[in-house]
Amino acid sequence: MCCRWTRTRPWRISLPASCWRASRPTRRTTMQLREKFGRPLRLAVIGGGPDSWIGRMHRGAAEMDGWFRVTAGVLSSDPGRSRAAGVAMGLDPQRCYGTVPELLAGERLRQDGVDAVAIMTPNDTHYAYAAAALDAGLDVVGDKPVAHDFAQAQDLVRRTRAQQRLFAIAHGYSAYPMIRHARQLVRDGAIGPVRLVQVEYIQSGLATRVEDGPLTSRLRWIFDPARSGLALVMSAIGCHTQHLACFAAGANVTRVMADVGTLRPGRQVIDHVSALLEFEGGARGTFTVTQAAAGGENDIRLRVYGEAGMMDWSHREASYLKLAMQGEPVRTIGRGDPDLPTGILALGRTPRGHPEGLREAFANIYAEMAQERMARQLGEPVPDFPYPRIEDGAHTMAFIEACLASQACGGWVDVER
Ligand SMILES: NC(=O)c1ccc[n+]([C@@H]2O[C@H](COP(=O)([O-])OP(=O)(O)OC[C@H]3O[C@@H](n4cnc5c(N)ncnc54)[C@H](O)[C@@H]3O)[C@@H](O)[C@H]2O)c1
C-alpha cells in the first residue's frame, strides 16, 4: 500500500497518511502555552563554566526560544571561581553560588526560585547533584551518563517519579528534526517491521596518547575511570549512540555481545566498543563507537532497515534523511520540506537550506521539557513529547553494564530491565 509514486506529486512517495499528519503541537499552540504561563522557566546551571564548550551549548539552547532563562548557577568545584564565573556571565551576584547545597538552599528561600537545574559537571557528580535537585522539588536536565551505574540510574527514576518531576537527558542527536521524522516513520510502519539497525559514532580525540600530557583539568577527570565512568568511550559517546539507535528503532536492546577494549595499544581506559545487538521485537543490530580513530571527526551514522525499506542518516548531513523503499528510487527528505508533518517542521527554526545544528537540537529538548512542565502546572493537556528521559538513561546504564559483562564472559549477555 505504501511507497508508490503518486501521479499528482511524482516527487513524493505515497507513505501512509499518518506519516505526514501533524503529530505534535505546532509553534502557534506552544506560543499560547508560554503566554498563558506568563514567564520563562528559571534555570540554574551546575557546571559548564566559561572554559567548557558544553556549558555554552546548554545555556544557549535553554534560552534560544525563550522557554528558560538562566538565573542562577554553580560553575566550578572551587567556590570562589564559581561565584566569579557566574558574575562574569552576567548572573545576579546573589545567585552565583559556591556549591550545589548552597544553590538549592538559597533558591528554596526565594519567591522567584529556580524551577529546574541543568547538570553538566564531570561524570562522577551527576548522580548526587541530580538526586539532590529532585529531592528539592526541581526538574532536571542531566547530561550523560546520568549516573555511575544502572542501580544509581534506577534510583533517579524512582526519585523522579516519587517527586513527580521531569528529568530530560541531553542526547542532542535524537532531537534533530530528521531523526524525529525517522522515528515517526518507523512508528507509522513506513518501512515495515524493523529487522536491522546499524549505528556508529567515530571520533579521533584519543587517536594519539593525549594521556601522556600535559593534562588539563578536563583530561584529568576523563582519564580517571573513577570519575569518567564504567567505560570512557561509552560515557563520552556510546551513551548517545545506543540512545540514538533505540530512539529511531523504537525498541530497547535486550541482549548484547560486545568487544570492549582499546584501539590504542597499552591504553588504560576503554576507547573502543563494538557490539552485536538484539532489540525488543527481534531486530538485530551492530554498534561501533571509538574516540581513537585517526582522521575521524564527529562521525555518526545510523541506518534502520525494515521489511519494506531502509532509512540512512549521517551527522555530516544532519538536515537530510535518505529513505529507500525496496524496488523504488531513493528519496532524500530535507528538514523544512513543505510536505513534512507540522510537528516535524516545528522542530526547525529557519527556512529550509539554512544550516541548523546541535544547538538547535538541544533547544528542542529544552523546549519540549518546558512545554510539558508549563502544561502540567497550568492543568492543560500534557503533550506527549519524545525527548530523552531518565528511564532512557537507566536503559543506557544497563546497556553499558551488559557490554562489560559480555566482554568478561565472551558471550551474549541480557540487558537488565
Ligand atoms: N550532551 C553532549 O553532547 C555532551 C558533550 C560534551 C560533554 N558532555 C558532558 O558534559 C559534562 C562536562 O563535560 P566537559 O567536556 O564540558 O567537561 P569540562 O571539564 O570541560 O567542564 C566541566 C565544567 O564543570 C565545572 N565543574 C567541575 N566540577 C564542578 C562542580 N563540582 N560543581 C560545579 N561545576 C563544576 C568546571 O569548572 C567546568 O566548567 C560531562 O558529563 C560530559 O559527559 C555532554
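1. Does Ala-361 count as buried or exposed? In this predicted model, Ala-361 counts as buried, because its relative accessibility is 1% and the buried class lies under 20%. The residue belongs to helix α12, which runs over residues 358–378. Leaving aside neighbours within four places in sequence, Ala-361 is in contact with Gly-172, Ala-175 and Tyr-176. Its C-alpha atom is separated by 8.0 Å from that of Leu-347, 14 residues apart along the chain.

2. The overall dimensions deserve a remark. For 417 residues, a compact globule would have a radius of gyration near 22 Å, and the protein, with 21 Å, agrees with that expectation. Along the principal axes, the C-alpha atoms fill a box of roughly 65 × 60 × 40 Å. The secondary structure comprises 13 helices and 14 strands.

3. Among contacts with a separation of 6 or more, 68% are accounted for by residues 24 or more positions apart.

4. The charged side chains number 50 positive and 44 negative, and the centres of the two sets lie 5 Å apart.

5. An unreviewed UniProt entry assigns "domain: Gfo/Idh/MocA-like oxidoreductase N-terminal" to residues 42–170. In the model, that span is 42% helix and 19% strand, with its end C-alpha atoms 18 Å apart. The UniProt annotation "domain: GFO/IDH/MocA-like oxidoreductase", likewise from an unreviewed entry, covers residues 179–311. Here the chain is 28% helix and 35% strand, and the end C-alpha atoms lie 10 Å apart.

6. Where is Arg-110 placed? Arg-110 sits in the loop between α4 (100–108) and β3 (116–120). Its relative accessible area is 26%, so Arg-110 is classed as partly exposed. Beyond its neighbours within four places in sequence, Arg-110 is in contact with Asp-92, Gln-94, Arg-95 and Tyr-97.

7. Ile-222 is found in helix α8, residues 217–222. With a relative accessibility of 10%, Ile-222 counts as buried. Apart from neighbours within four places in sequence, its contacts are with Ser-228 and Leu-232. The C-alpha atoms of Ile-222 and Gly-285 are separated by 29 Å, the two residues being 63 residues apart along the chain.

8. The bond from Lys-144 to Pro-145 is cis, with omega near -10°; Pro-145 lies in the loop between β4 (139–142) and α6 (150–162). The bond from Gly-213 to Pro-214 is also cis, with omega near -5°, and Pro-214 is placed in the loop between β6 (194–203) and α8.

9. Which value does phi of Gln-164 take? Phi of Gln-164 is near 50°, a positive value in a residue other than glycine. Gln-164 occupies the loop between α6 and β5 (167–169). At 60% relative accessibility, Gln-164 counts as exposed, since the exposed class begins over 50%.

Methods
Residues are numbered from 1 along each chain as its sequence is written. This is a predicted model: local features need pLDDT of at least 70, side-chain atom pairs count only at pLDDT 80 or more; totals for chains, interfaces and linings use all residues. Side-chain values use heavy atoms; hydrogens and water are left out. Helices (H or I, at least four residues) and strands (E, at least two) are DSSP runs, numbered from the N terminus. The radius of gyration is taken over C-alpha atoms; the globule rule is 2.2 Å times the number of residues to the power 0.38. Contact means heavy atoms within 4.5 Å. Lys and Arg count as positive and Asp and Glu as negative; His and the chain ends are not counted. The place of a charge is taken as NZ of Lys, CZ of Arg, CG of Asp or CD of Glu. UniProt positions are given in the numbering used here, feature names are shortened, and annotations may be inferred rather than shown by experiment. Buried means under 20% relative accessible area, exposed over 50%, partly exposed in between (1.4 Å probe, protein chains only).
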